[in-house]
Amino acid sequence: MAAGEDNVVVQSTPMRAQMVFGSSMTGPDTTAEELISEAQMAMFSAMEKGISHQTYTPVLRRRTLETIQLISRVREGLDKQEFELHYQPKIRLADGAVCGCEGLICWQDGSGGFIPPGKFMPKVENTSLISPVTHLVMTEALRFADMETNEKAQGFLFSAAMPADTYHQWVSQRQSV
């Protein structure tokens with residue numbers, strides 16, 4: 001076990017607790033609010049990196065601002081329907097036949113540039129935007145998989161993974177339509 005980790009039992013359930021913290025050094029003009037904000041940025045950076053401690057550096061502020069701006073752009077992109085689901089085939093190694101496909105969410109932002117999912121999905125997964133993104137992906141995948149209207153999809157096996165709470169929200173939304 002790493003430093004700052006411990007096994008604990010909470011209500012008869014074994015769990016692993018991990019201590020993560022961020023720190024910041026005070027300057028002559030630093031307010032208490034700025035010091036706390038900087039320490040929080042450092043703590044979130046430590047959590048993201050999987051380490052127990054991070055000291056604040058000005059780079060963290062820039063990265064936090066970039067993340068906030070990216071999340072804002074994702075929200076706008078969802079409103080403007082800039083996201084699409086693209087499919088890549090799954091090939092059965094035994095005979096080389098296409099046996100299914102994998103959906104990949106793609107984003108053509110307003111300026112016409114392509115933003116790969118690896119750039120925005122890790123940030124989206126930690127926000128409330130995961131629900132509308134999941135809803136979009138599932139709706140588009142089911143539309144594609146509709147066996148009655150898509151001959152390309154016949155004979156394919158489809159699977160999807162999503163957080164349980166997102167699944168329940170998605171099912172509720174579909175049932176109310």
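Q: What makes Ala32, Glu33, Ile36, Phe44 and Glu48 of helix 1 count as exposed?
A: Exposed means over 50% relative accessible area, buried under 20%, and partly exposed in between (1.4 Å probe, protein chains only). In this predicted model, these five names, Ala32, Glu33, Ile36, Phe44 and Glu48, fall in the exposed class, on the other side of helix 1. Local features need pLDDT of at least 70, side-chain atom pairs count only at pLDDT 80 or more, and totals for chains, interfaces and linings use all residues. Residues are numbered from 1 along each chain as its sequence is written, and side-chain values use heavy atoms, with hydrogens and water left out.

Q: Which residues of helix 1 are buried, and why are they placed on the same side?
A: Glu38, Ala39, Met41, Ala42, Ser45 and Ala46 are buried. They cover an arc of only 155° around the axis, so they lie on the same side of helix 1. The arc is taken from the directions from the helix axis to the C-beta atoms.

Q: What do the buried residues of helix 1 pack against?
A: Strand 3 (21–23), strand 4 (53–55) and helix 2 (58–79). Helices (H or I, at least four residues) and strands (E, at least two) are DSSP runs, numbered from the N terminus.

Q: How do you know that the span of helix 1 agrees with expectation?
A: The rule is 1.5 Å times one less than the number of residues. For the 18 residues 32–49 that gives 26 Å, and the end C-alpha atoms are 26 Å apart, so the two agree.

Q: Which residues does Met121 touch, not counting residues up to four places away in sequence?
A: Ile105, Ile130 and Val133. Contact means heavy atoms within 4.5 Å.
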